[in-house]
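Let's take a quick tour of this protein model. Keep the picture open while you read, and look up each spot as we get to it.

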Amino acid sequence: MSKVTGWLTKKSSSSMALGRTLLGSRPGLKIVLLLLVPVAAVLAMFSQAGCAIVVGQEIVAVASDRGDAEAIVQDYITWLEQNSELPVSINEEIKYRAAWRLQTDNRAEIRRQLAQKLDYHFGATGIYVDGNLVASVKDKVTGDQVINKLLAVYSNGGQWDVDFKQNVEIKPTQVVADKLMDVEETVEYFRFGGKGVRTYQVKNGDTLWDIASAVQLPVDELVLSNPELQPDTLQVGQEIKISRTTPLVDVITTYTDTHQEEILYRVQEKVDDNLFLGERKVVQSGKPGQREVEYQVTLENGMEINKEEFKEKIIEEPVHQIVAKGTRKLLAFRGGSGRLAYPTGGGIVSPFGSRWGRSHLGVDIAANHGSPIVAAEAGTVISADYQGGYGLCVDINHGGGVVTRYAHLSSSAVKSGQSVERGQFVGRAGSTGNSTGPHLHFEVIVNGVHKNPSLFI
Ligand SMILES: [Zn+2]
C-alpha cells in the first residue's frame with residue numbers, strides 16, 4: 001500500500017519538479033512558448049517547402065517541387081495548344097524558386113491561377129497588305145487558300161491572269177485570341193471589309209430616292225451615312241456621303257481579247273472638170289476591209305480600267321471610195337441635173353443677143369396660147385404681175401444671184417413670195433405686152449446681168 005502510495009508520491013513529486021523546472025525555475029521561456037503557439041498554427045497551414053512558379057516578379061502558383069511545377073506549366077501550355085490548334089508562346093520568362101507552399105495539391109486550382117496570370121500568345125499566320133497585317137489565319141496553307149480564292153474571283157475560271165494591285169505577303173504573326181477566321185470568312189472580309197466613302201452632289205430635281213437609285217444603295221443606308229440629312233430640303237450642290245463596302249485588297253485582271261473588225265473605207269474626192277459644180281459621181285465604190293485585232297484588257301476588281309490595242313493583223317485591206325466632184329460653173333446646179341429645165345415644150349424661135357439693132361435679153365420659145373409654162377428651177381416667186389412690155393410676167397429667184405423670167409403669159413398660177421419646185425406649173429403662154437403672137441419670152445439673169453439662156457437649158 002505504501003509502495004503504491006510511494007510510487008504515486010514519487011511520480012507526483014517528479015511531475016511537480018518538471019513543472020518547476022520549466023515554468024518555475026526559467027520564467028523567460030514561458031513567454032517564448034506562448035508566442036510559438038500562433039506561429040505553429042500558421043505553420044500548420046503549410047505542409048512543407050515547395051517550388052514557386054514565378055512570372056515577372058510575381059508568384060503565380062506553388063507546386064510541390066521543381067519537377068511538378070515545370071510539369072504543370074508544360075501541361076497548361078500543351079492544353080492551350082491542343083485547344084487552339086496553334087503553337088503557344090509565353091511572353092515572359094518563367095522562373096522557379098523555393099517557397100512555402102499552401103496546403104493544396106489541386107492541379108486544377110494551380111492551372112486556374114496560371115491562366116489568370118500568365119501572359120501568352122498564339123503563333124498564327126498573317127496576311128499582310130503593303131506591310132500591314134490585315135487578317136490572321138491558322139497557318140500558311142490556310143493563307144494560301146485565301147489568296148487563291150481571292151484571285152479566283154476575277155480569273156474567269158483560271159483563264160485570265162490575276163494579281164494583286166498591292167503587295168500581299170503571308171508570314172508568321174502572333175495573336176492573342178485563339179479564335180481565327182476560316183478561309184471563307186477571311187475571303188469575305190478581304191472582299192467586303194473596307195468602307196469607302198465618296199460624295200454625290202445633289203442635282204436639280206433630285207430626290208433622295210433618285211440619288212439612292214443612282215448610287216445603287218438603299219435609301220436607309222444613305223440616311224444612315226448622312227445623319228444630318230433632311231430628305232425634303234435637299235439643296236442643289238449639297239454633298240451627300242455615299243459609303244459602301246470596298247475590298248481590302250484589289251485584284252488586277254489582264255487578258256487578251258481577239259476579234260475581227262471591219263476597217264472603214266475612206267472617201268477620196270477627185271476633181272472632174274466635166275461635171276458641174278456640186279455634181280458628184282462615184283467613180284469607185286468603197287468596200288470595208290477586215291482586220292484581226294488583239295486588245296490587252298485590264299480590269300480592277302472586275303471593272304474595265306484599260307483596253308489597249310497591241311496587235312493587229314490585216315485580213316483584207318479596204319477599198320477606198322473615189323468620188324468625182326464637178327467644178328464646171330453652171331447656174332442652178334441645185335436641181336441635180338445641173339441644168340435648168342426647159343420651161344415649155346417648143347423650140348427656140350428667136351435667140352439671145354442683137355436683133356434688128358436691139359439687144360434681145362432672152363430667148364423666144366415657141367408656144368401656143370395656153371401652153372403650160374413650168375419653173376426652170378426651184379425657187380421663190382419674186383413677182384407675178386404685168387410689167388410693161390413683158391406683159392403678164394413671172395420672175396423667180398433661185399438663189400445665188402440667179403433669176404429667171406417668163407413673159408407674155410396669158411395667165412399666171414403663182415403669187416409673189418410663193419415657193420416653187422423645179423418643173424412646177426407657173427402659168428400659161430400668151431401674147432400680153434409687147435408681143436407679135438403667142439410665145440414664151442424666157443430670160444436668165446445672173447447678178448443683174450442678162451445671160452444667154454441657151455447656155456443653161
Ligand atoms: Zn423675146
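Two strands count as paired if DSSP finds at least two bridges between them. With that in hand, β7 and strand β11 (residues 251-263) make an antiparallel pair held over four bridges. One thing to keep in mind: what you're looking at is a predicted model.

**An open sheet**

- β7 and β11 belong to an open sheet of four strands, which run in the order β7-β11-β14-β15 with antiparallel pairing.
- Which strands sit at the edges? They are β7 (161-164) and β15 (303-316), and each of them pairs on one side only.
- If you ignore direction, neighbouring strands in this sheet are turned by 25° against each other on average.

**The nonpolar cores**

- The largest nonpolar core has 26 residues, and those with the most contacts inside it are Cys393, Val394, Tyr406, Leu409, Val426 and Leu440.
- Several elements give two or more residues to this core: β20 (363-366), β22 (379-386), β23, β24 (402-412), β26 (425-429) and β27 (439-446).
- Which strand gives the largest share? That's β23, with four residues.
- Another core lies apart from this one; it has 14 residues, including Leu86, Val146, Leu150 and Val249.

- You'll find Thr125 in strand β5 (residues 120-129).
- Is Thr125 buried or exposed? Thr125 is buried because 22 other C-beta atoms lie within 10 Å, and the cut-off for buried is 20 or more.
- Not counting residues up to four places away in sequence, Thr125 touches Ser136, Val137, Lys138, Asp139, Lys140, Thr142, Gly143, Ile170, Pro172 and Thr173.
- Thr173 is 48 residues from Thr125 in sequence, yet their C-alpha atoms are 5.2 Å apart in space.

- Gly399 is part of strand β23 (residues 392-399).
- Why does Gly399 count as exposed? Gly399 has 12 other C-beta atoms within 10 Å, and a residue is exposed if that number is 12 or fewer.
- Gly399 and Gly379 are 20 residues apart along the chain, and 7.0 Å separates their C-alpha atoms.

Terms used
Residues are numbered from 1 along each chain as its sequence is written. This is a predicted model: local features need pLDDT of at least 70, side-chain atom pairs count only at pLDDT 80 or more; totals for chains, interfaces and linings use all residues. A nonpolar core is a set of buried Ala, Val, Leu, Ile, Met, Phe, Trp, Tyr and Cys residues joined through C-beta atoms within 7 Å. Two residues are in contact if their C-beta atoms, placed from the backbone, lie within 7 Å. Axes are lines fitted to C-alpha atoms, for helices over the stretch in contact, and angles run from 0 to 180 degrees between N-to-C directions.
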